[in-house]
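Hi everyone, thanks for coming.

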Amino acid sequence: MRKIIHIDMDAFYASVETRDNPALAGRPVLVGGDPGRRGVVASASYAARVFGIRSAMPMRTALRLCPEAIVIRPRINRYRETAEQLWTLYQSYTPLVEPVALDECYLDVTVNLQEIASATETARIIKHQIREQTGLTASAGVAPNKFLAKIASDMDKPDGLYVVKPTQVEMFLASLEVDKLWGVGPVTEKRLHTLGIRTVGALTELPYERLTGEFGKFGHTLYHLARGVDERPVVPDREPKQISGEVTFDQDVDRMETLRQELDRQAQIIERRLAFYEKQGRTVTVKVRYEDFTSITRSATGTVRMTAAADIAQTAYTLLEKTEAGTRPVRLIGVVVSGFDLPDTEQQEIPFPTTET
Ligand SMILES: [Mg+2]
């Protein structure tokens, strides 16, 4: 039985814009194309949705519904930056992260890198960390498969956490409207309504042959979805070029011991992720962000590729000594292991070349 979390950022683009410009807080914000050039709404803040505005709606229509809305052109690179940050965060829980869009992804936490037994607890912690690290809210759905997790994340938006336990699947689906099912668009929905079927519960009463006769191949899918069956795995979409982890502290830290403990913890997670991808890296980088938001990195490339947490942590400690940590309060600390393609060198004792960026 899988444990899947679907995470969907709430009004992602509009929320990033509002975070970056607090004067927009609580106001109807539309991110999207030029209304004069038939642009569409890519993202609408919740204050804008009250007026009936939805994404993919023509900007002109949206402005008719809410003339005082603030229109912002998309800054995709900015959203991508935040998405990268989120991706790094998710990776510290599982290497099985499948992005669906910049603001949406699936996590398979059946095996959890941080050994948190409950998927619900994992989702709660991730939501908290998203807020701490990005200032944004997300909605999470927890379920035994992807399609249920996706429906669940939509149940309690924004800032939601909705759980469908394996024992609750049948009850959860029984009263659900058929249009919530994956792949059921307006056309299929209408045909189902014509057959007198409005809920998933009603759909389970149609025999398999009837469904395939009516909908062909999709009837087969419908039959299984209606019973909560979805075997699609979470497929990570890319091989990492580096593996990293970082944490933003709730309160700035000046104790070296605390920082070393965090490096240890990161190194252990990185060790498991390296093992998952069957990677080894020769370069270790430590990233430190001070209380005034200035960041520095210190890197070292060793002679042999590392896989063990202890080796990574040891190198990271040395690098930490080369920062002002301990004398300046630290807001964020991170570790990166890279250099997967570098071959081991023969010499045993070359000193660490250290680079600064
Ligand atoms: Mg979203």
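**Domains, a metal site and some rings**

Let's begin with the layout: the chain is assigned domain 1 (4-11 + 77-167), domain 2 (13-75), domain 3 (175-226) and domain 4 (243-356), with bounds that come from an automatic or database domain assignment. The centres of domain 3 and domain 4, taken over C-alpha atoms, are 52 Å apart.

Two notes before we go on. This is a predicted model, where local features need pLDDT of at least 70 and side-chain atom pairs count only at pLDDT 80 or more, while totals for chains, interfaces and linings use all residues. Residues are numbered from 1 along each chain as its sequence is written, and side-chain values use heavy atoms, leaving out hydrogens and water.

Now, which residues coordinate the magnesium ion? They are Asp-8 (OD), Met-9 (O) and Asp-103 (OD), at 2.2 to 2.4 Å. Donors here are N, O and S atoms within 2.8 Å of the metal (3.2 Å for Na, K and Ca); water is not among the atoms, so sites may look incomplete. Along the chain, the donors follow the spacing D-M-x93-D. Asp-8 belongs to strand S1 (residues 4-9) and Asp-103 to the loop between strand S5 (97-101) and strand S6 (104-108), so this pair ties together parts that are 95 residues apart in sequence. Helices (H or I, at least four residues) and strands (E, at least two) are DSSP runs, numbered from the N terminus.

Is Asp-8 buried or exposed? Asp-8 counts as buried, because its relative accessibility is 13%; buried means under 20% relative accessible area, exposed over 50%, and partly exposed in between (1.4 Å probe, protein chains only).

On to the rings. Rings of Phe, Tyr and Trp (its six-membered ring) pair if their centres lie within 6.5 Å; planes under 30 degrees apart count as stacked, over 60 as edge-to-face and the rest as tilted. That rule gives six aromatic pairs. One of them, Phe-12 with Tyr-13, is tilted, at 5.9 Å centre to centre and 50° between the planes. Both Phe-12 and Tyr-13 are buried, and ring pairs join Phe-12, Tyr-13 and Tyr-79 in a cluster.

Last, helix H11 (residues 217-226). Its buried residues are Gly-219, Leu-222, Leu-225 and Ala-226. Looking down the axis of H11, these fall within an arc of 125° (taken from the directions from the helix axis to the C-beta atoms), so they line one face of the helix. After H11 comes Gly-228, with a positive phi near 75°.
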